Amino acid sequence: MSDQKSQQNRPRKQGGPGTKPQGKQPYRPHRKPEKDPVRFLAFEALRAVDERDAYANLVLPPLLKKAREKNEGFDGRDAALATELVYGTLRRQGTYDAIVAACIDRPLREVDPPVLDVLALGAHQLLGTRIPTHAAVSASVDLARLVLGEGRAKFVNAVLRKISRQDLDTWVEQVAPPYDEDAEQHLAVVHSHPRWIVSALWDALGGGRAGIEDLLEADNERPEVTLVARPGRSTTEELLDVLGEESGLPGRWSPHAVRMAEGGEPGALDAVRDGRAGVQDEGSQLVAAALANAPVEGRDERWLDGCAGPGGKAALLAALATGRGAVLLASEKQPHRARLVEQALAGNPGPYQVIAADGTRPPWLPGTFDRVLVDVPCSGLGALRRRPEARWRRRPEDLEGFAPLQRGLLREALKAVRVGGVVGYATCSPHLAETRTVVDDVIRGRGAGNEPFEVEWVDARPLMPGVSALGDGPDVQLWPHVHGTDAMYLAVLRRVA
């Protein structure tokens with residue numbers, strides 16, 4: 001199955017002409033469709049993701065709140081089903097598109113995007129949940145009649161009946177090319193990732209088939225909700241006591257982490273509402289703590305988070321800095337994100353400062369800081385399990401757009417730190433073009449008019465005590481399938497001149 005017939009030609013925002021039903025499938029509407037609040041909500045969320053380039057994790061909560069307010073019977077089970085339908089459909093969209101493409105006689109680009117969303121929702125119910133076949137088809141056709149009209153509902157009915165004749169494994173065997181003939185496209189269809197991302201992740205990971213399959217599978221799993229207890233403001237013991245043994249577990253690696261049981265609501269905890277704790281992936285916690293753990297020569301008073309928005313790492317750094325009598329400056333270019341940083345740091349017991357400033361044209365003097373962290377804007381390929389829609393939104397050329405910014409931020413970070421101080425360069429991406437390549441280019445002065453920096457690599461592995469499988473160093477790459485974290489990257493450099 002080629003990319004030309006499946007995901008890469010899926011229309012976005014505006015599709016082609018309305019698609020007509022194929023074949024003579026039975027379709028006998030016998031009643032006016034009732035609005036199913038769960039499936040209608042899921043459809044609304046998918047349309048927002050497609051039409052507005054929204055993120056499901058931002059769209060879904062207000063939709064769920066609205067549904068609870070409008071429908072007295074909308075309960076926790078309904079919310080859980082709606083969440084599963086949205087995230088499950090987005091994660092498996094590439095696989096479902098390939099299956100839908102095998103059931104129609106025209107390219108996906110000629111099918112309107114709203115029709116594809118209804119089909120993907122139906123396919124997920126048929127192939128990715130335990131919802132009975134008749135219920136999945138019936139509910140999907142009712143949704144189609146409500147949001148698409150009778151004509152296109154007939155098409156939805158015909159396609160879903162075709163899909164229902166085989167299970168997921170059988171369909172995948174049919175639509176994916178054999179691994180021995182085209183390994184990358186096989187993995188792309190089976191594990192629902194664009195081919196270019198499969199290739200990039202495989203290059204970054206290295207090794208054979210087992211590792212890349214484990215990574216792609218991990219991207220399709222629902223991530224845990226992880227809390228951070230901000231030092232001096234709350235403790236893991238406090239959070240674990242509040243959650244209880246059935247709802248809370250210690251973090252795997254970070255001394256500040258607590259994992260919540262599935263279905264837990266972080267906003268219900270007083271410590272989270274008060275800002276004494278927050279929601280933060282354990283990989284992000286490890287990066288911030290590693291920078292704080294790195295040895296510096298001489299004073300240790302001034303810390304900088306040069307890309308602080310939305311504030312998770314900055315809040316942890318501020319708490320750690322306060323515990324040592326140091327002060328954090330949190331800088332964020334976008335004013336609205338700088339306000340989020342202020343909210344995250346509000347209540348920190350020690351001094352700190354938040355400013356809106358461009359880290360590539362900084363207002364501070366060279367050599368001002370003892371520790372600097374730059375968690376640079378990137379493709380986000382390390383957090384695909386949290387933002388599954390990003391895999392379909394990103395393109396290879398996006399990396400070219402990030403590259404100048406990433407290099408500029410690291411160059412200015414190295415200028416901002418004093419001799420003997422340390423810089424942490426972090427990304428939520430394992431892509432080699434965003435990780436080691438950026439660091440090597442900057443310290444070697446590659447690029448017109450750029451001077452090399454006199455630095456030494458700091459081995460980042462001891463800065464994450466207890467964390468296993470950190471590779472050969474000196475930089476660190478975390479992995480979802482190995483560490484249970486987002487795929488965070490960290491390089492630590494010390495200025496020597």
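User: Where is Gly311 found?
Analyst: Gly311 is in the loop between strand E5 (302-305) and helix H15 (312-323). Helices (H or I, at least four residues) and strands (E, at least two) are DSSP runs, numbered from the N terminus. This is a predicted model, in which local features need pLDDT of at least 70 and side-chain atom pairs count only at pLDDT 80 or more, while totals for chains, interfaces and linings use all residues. Residues are numbered from 1 along each chain as its sequence is written, and side-chain values use heavy atoms, with hydrogens and water left out.

User: Why is Gly311 called buried?
Analyst: Its relative accessible area is 0%. Buried means under 20%, exposed over 50% and partly exposed in between, with a 1.4 Å probe and protein chains only, so Gly311 counts as buried. Not counting residues up to four places away in sequence, Gly311 touches Val341, Ala344 and Leu345; contact means heavy atoms within 4.5 Å.

User: What makes Lys313 count as buried?
Analyst: Lys313, which lies in helix H15, has a relative accessibility of 12%, so it counts as buried. Apart from neighbours within four places in sequence, its contacts include Asp305, Asp375 and Met488.

User: At which residues does UniProt place the feature "binding site"?
Analyst: The unreviewed entry places it at Cys307, Ala308, Gly309, Pro310, Gly311, Gly312, Lys313, Glu332, Asp358 and Asp375. UniProt positions are in the numbering used here, with feature names shortened, and annotations may be inferred rather than shown by experiment.

User: Is Asp358 buried or exposed, and how do you know?
Analyst: At a relative accessible area of 16%, Asp358 is buried. Asp358 is in the loop between strand E7 (352-356) and strand E8 (369-375).

User: What makes a polar contact with the side chain of Asp358?
Analyst: The side chain of Thr360 does, at 2.8 Å. A polar contact is a pair of N or O atoms within 3.5 Å; within protein, one must be able to donate a hydrogen and the other to accept it, and residues adjacent in sequence count only if both atoms are side-chain atoms.

User: Which residue does UniProt list for "active site", and where is it?
Analyst: The unreviewed entry lists Cys428, which is in the loop between strand E9 (417-427) and helix H19 (436-443). Cys428 has a relative accessible area of 15% and is therefore buried. Beyond four places in sequence, Cys428 is in contact with residues including Asp375, Cys378 and Met488.

User: Why is Ser247 called partly exposed?
Analyst: Its relative accessibility is 32%, so Ser247 counts as partly exposed. Ser247 is 14 residues from Ala261 in sequence and 4.7 Å from it in space, C-alpha to C-alpha.

User: Why are H3 and H5 called roughly perpendicular?
Analyst: Helix H3 (residues 76-91) and helix H5 (residues 113-128) pack at about 105°, with axes 9 Å apart. Axes are lines fitted to C-alpha atoms, for helices over the stretch in contact, and angles run from 0 to 180 degrees between N-to-C directions. Angles under 35 degrees count as roughly parallel, over 145 as roughly antiparallel, 65 to 115 as roughly perpendicular and the rest as oblique. H3 and H5 are therefore roughly perpendicular.

User: What is the average pLDDT of the protein?
Analyst: The average is 93, and 94% of the residues score at least 70. pLDDT is the predictor's confidence in each residue, from 0 to 100. Over residues 14-25 the pLDDT is below 50. Where pLDDT is low, the predicted coordinates should not be read in detail.
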